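Please examine the structure shown below. The briefing that follows treats its domains, its ligands, its annotated positions and one of its sheets.

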Amino acid sequence: MEHAPKAIDVTNDVEMRTFNFFTMGIDGHPLGLHLDMAIPTILNNADEEQQKDWLPKAANREFIATYAQTEMGHGTNLKKLETTATYDPKTQEFVLNSPTITSTKWWPGNLGKSSNYAVVMAQLYTQGKCHGAHPFFVQLRDLNTHKPLKGITVGDIGPKFGMNTVDNGFLQFDHVRTPRRSMFMKHAKVLPDGRYVPPVHDKLNYSAMVFIRAAIVSGMAYHLLVTSTIAVRYSAIRRQGEITPGAGEVKVLDYQTQQHRIFPQLARGLAFRLSGQYIMKLYTQTMDDIRNGDISAVPDLHALSCGLKAVTTHHAALGLEQCRMACGGHGYSQASGFPLHYSVAVGACTYEGENMVMLLQTARHLMKIAKAIRAGQSPKSNKIVDYLFHKGPPKCLIDQAYDTNYRNVLESFEHLARRQTLEVYDKLVQLQQQGRNYEQAWNDCAVELCKATRAHVRTFLARTFVEEIDKISDLSIKSVLQDLLQLYLYYEVTECATGLLEDGFMTGQQHKYAKKKIYEALEKIRPNAVSIVDSFDFQDRELHSVLGRRDGNVYENLLKWAQSSPLNKTDVLPFHHKYLGKMMEEARQRSKI
Ligand SMILES: CCCCCCCCCC/C=C\CCC/C=C/C(=O)SCCNC(=O)CCNC(=O)[C@H](O)C(C)(C)COP(=O)(O)OP(=O)(O)OC[C@H]1O[C@@H](n2cnc3c(N)ncnc32)[C@H](O)[C@@H]1OP(=O)(O)O
Ligand SMILES: Cc1cc2nc3c(=O)[nH]c(=O)nc-3n(C[C@H](O)[C@H](O)[C@H](O)COP(=O)(O)OP(=O)(O)OC[C@H]3O[C@@H](n4cnc5c(N)ncnc54)[C@H](O)[C@@H]3O)c2cc1C
């Protein structure tokens, strides 16, 4: 053969991600930030010439770059980042500086030891004026020796809650000079003489964050589906107790409580998967629009991605813990895989925007819509938020037999989101009329604002789930997924029941009806549960779990796993006689006296 095919095309994003994922596991690796944030930043924020220079090298892995934004003192409030990039027109360079301890970049993944470049967010100063945080592409380490360049202090921040295969790092600049063209110049620019050219939208520099927030939704689906796979499989192996006295021990999966613990996580995993696909498409479309000069969808994308990120990560964290507890004592062992999956998944509640902060971002968007509604404006043909403008039924109808395609359930979610959004908006206005300024009023309403976002996101997730299942033409697959949809929808109804009951929209009877529909769905899902999780086709090496093995050979392998522990290399630990053995021996001697 003239050209033997390469095993992996490193410039092919999908191939690379798959390869990295299977060879390096789920808790991160040295190329994570390079692929997930640095390359997207180059794609969306570098101008044509910069892309030509940086992109092929980045794709070919001639360097490794990270995304250095967060500082020791500020992660959320980007306006207060302290790192400065001051333009010097004489040399046509920026001078990067970390003026305080708190300005030290802190957390960037792969910064600690792996990266030799970084996208650095710094306050841009030119002609004596600050223009806010802007991204710069900065070399940190020598390409040959890998030692930090002059003026740069860089290192690892130490062990974390999880993801310890990622070298999160710290970084300080001491008046480091970098060429003018190291500023990402697709949107904002600094001309050679120092004049600043503003971007068409001042948050376009934040697109890498938007990308990851959107990607996280599918990531959380993955974590939930993986951990429910483990819990379902193990529960189909584990036998404990009897349902009918004398009939023999049952699989714990036959207990209704067990199903109620695990199946909703499965259903949520699917819901997140479908909405994850939706938001990724919206992201790609919006980035294409921006390239063509249309920025109109940016606020919608930002609002939806923030809300989805916050809700899905929170529910994934709760769901993973349910799956762990569903596996009893063995669930607490590292052999279950849960510690790994949990510690990775919960990081996403914090990174890429702390969840409360993200909920409040979406709420900003909702408050604008509420203002338009109160001003009597019409909806703007926006599929995601238009329902807020419409009047729904005055009473909940979820128990009506004619609920085709769950319209009445969706209307209940819509009702709650609409009511919560308008009520908190009215409270905001009222507080301001009473003399509070907007920011104080906002803080006084913050918990209710977050509730409005959650209700809105719940509506979006549910609607997407219903619409996507409706599209399926294979009736046998559709019927299984409809059982999960039924569970998802009525489970969510009970989760937000307080809000639905509070204003008398839903009756106590209807709440009972929702519970009945949940129990009915659990029963329908039970016989298919193992086949459903098998159909995800996760490899054992992805699950990292003795309990979730595809072959179900749990007990034998649990024993092997324990026996392979380093503590079991010898029957007696080498230092036993020096400490515990000695203590016991001395105690025995003393008691003889
Ligand atoms: C297979 C399993 C794998 C699972 C994993 C899934 C994928 C993930 C893989 C990666 C894994 C690990 C890597 C982790 C990497 C982590 C990286 C990071 O954490 S990077 C740092 C992230 N930092 C943040 O997110 C900071 C949060 N803060 C902000 O975003 C902002 O400061 C914000 C939004 C809080 C406030 O913005 P700002 O202070 O600038 O402005 P204002 O509040 O005044 O807002 C003005 C106006 O702008 C709007 N706005 C803000 N941001 C945006 C945006 N991005 N796009 C559009 N618009 C935006 C804001 O809403 C206001 O609008 P207004 O009209 O005035 O209301
Ligand atoms: C695993 C991991 C990986 C990371 N990787 C990177 C990376 O690669 N690059 C990078 O630059 N950064 C990274 N980060 C940093 C991360 O983005 C920030 O930690 C995150 O955005 C939260 O910011 P913070 O730490 O400043 O939290 P804080 O803002 O200090 O949050 C503390 C508390 O204050 C609350 N709070 C703050 N502001 C408000 C507000 N306005 N309204 C209401 N409540 C508020 C929060 O809700 C939270 O409860 C990473 C973090 C983690 C954990």
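The C-alpha centres of domain 1 and domain 2 lie 30 Å apart. In the domain assignment of the protein chain, domain 1 covers 13-199 and domain 2 covers 205-353; such bounds come from an automatic or database domain assignment. The model is a predicted one, in which local features need pLDDT of at least 70 and side-chain atom pairs count only at pLDDT 80 or more, while totals for chains, interfaces and linings use all residues. Residues are numbered from 1 along each chain as its sequence is written, and chains are lettered from A and ligands numbered from 1 in the order in which they are written.

- The contact takes 15 residues from domain 1 and ten residues from domain 2, where two residues are in contact if their C-beta atoms, placed from the backbone, lie within 7 Å.
- On the side of domain 1 that touches domain 2, helix H2 (32-45) and strand E6 (129-139) each supply at least two residues.
- Helices (H or I, at least four residues) and strands (E, at least two) are DSSP runs, numbered from the N terminus.
- H2 provides the largest share of this side of domain 1, namely six residues.
- By class, the side of domain 1 that touches domain 2 comprises seven nonpolar, six polar and two charged residues.
- In this classification, Ala, Val, Leu, Ile, Met, Phe, Trp, Tyr, Cys and Pro count as nonpolar, Asp, Glu, Lys and Arg as charged, and the others, Gly among them, as polar.

**Surroundings of ligand 2**

- Ligand 2 is surrounded by 22 residues, and the closest are Gln69, Thr70, Gly75, Thr76 and Trp107.
- Strand E1 (65-68), helix H8 (338-350) and helix H9 (355-374) are the elements that give two or more residues to this shell.
- With three residues, H9 gives the most to the shell around ligand 2.
- Ten nonpolar, ten polar and two charged residues make up the shell around ligand 2.

**Positions annotated in UniProt**

- UniProt, in an unreviewed entry, places the feature "active site" at Glu352; UniProt positions are given in the numbering used here, feature names are shortened, and annotations may be inferred rather than shown by experiment.
- Glu352 is in the loop between H8 and H9.
- Glu352 counts as buried because it has 24 C-beta neighbours inside 10 Å.
- A residue is buried if 20 or more other C-beta atoms lie within 10 Å of its own, exposed if 12 or fewer, and partly exposed in between, with C-beta atoms placed from the backbone.
- Not counting residues up to four places away in sequence, Glu352 touches Met209, Ile212, Arg213, Ile216 and Lys309.
- The UniProt annotation "binding site", also from an unreviewed entry, covers Thr70 and Gly109.
- These positions span 40 residues in sequence, yet no two of their C-alpha atoms are more than 10.7 Å apart, so they gather at one spot.
- Thr70 is in the loop between E1 and strand E2 (84-88), and is partly exposed, with 18 other C-beta atoms within 10 Å.
- Gly109 is in the loop between E4 and strand E5 (117-126), and is buried, with 26 other C-beta atoms within 10 Å.

**An open sheet**

- Three strands form an open sheet with antiparallel pairing in the order E4-E8-E7.
- Strand E4 (105-106) and strand E7 (152-156) stand at the edges with a single partner strand each, so one side of each is left without a neighbour in the sheet.
- E7 and strand E8 (residues 169-173) pair in the antiparallel sense over five bridges; two strands pair if DSSP finds at least two bridges between them.
- Ile152 stands opposite Phe173 in E8.

How values were computed. Near = placed C-beta within 6 Å.
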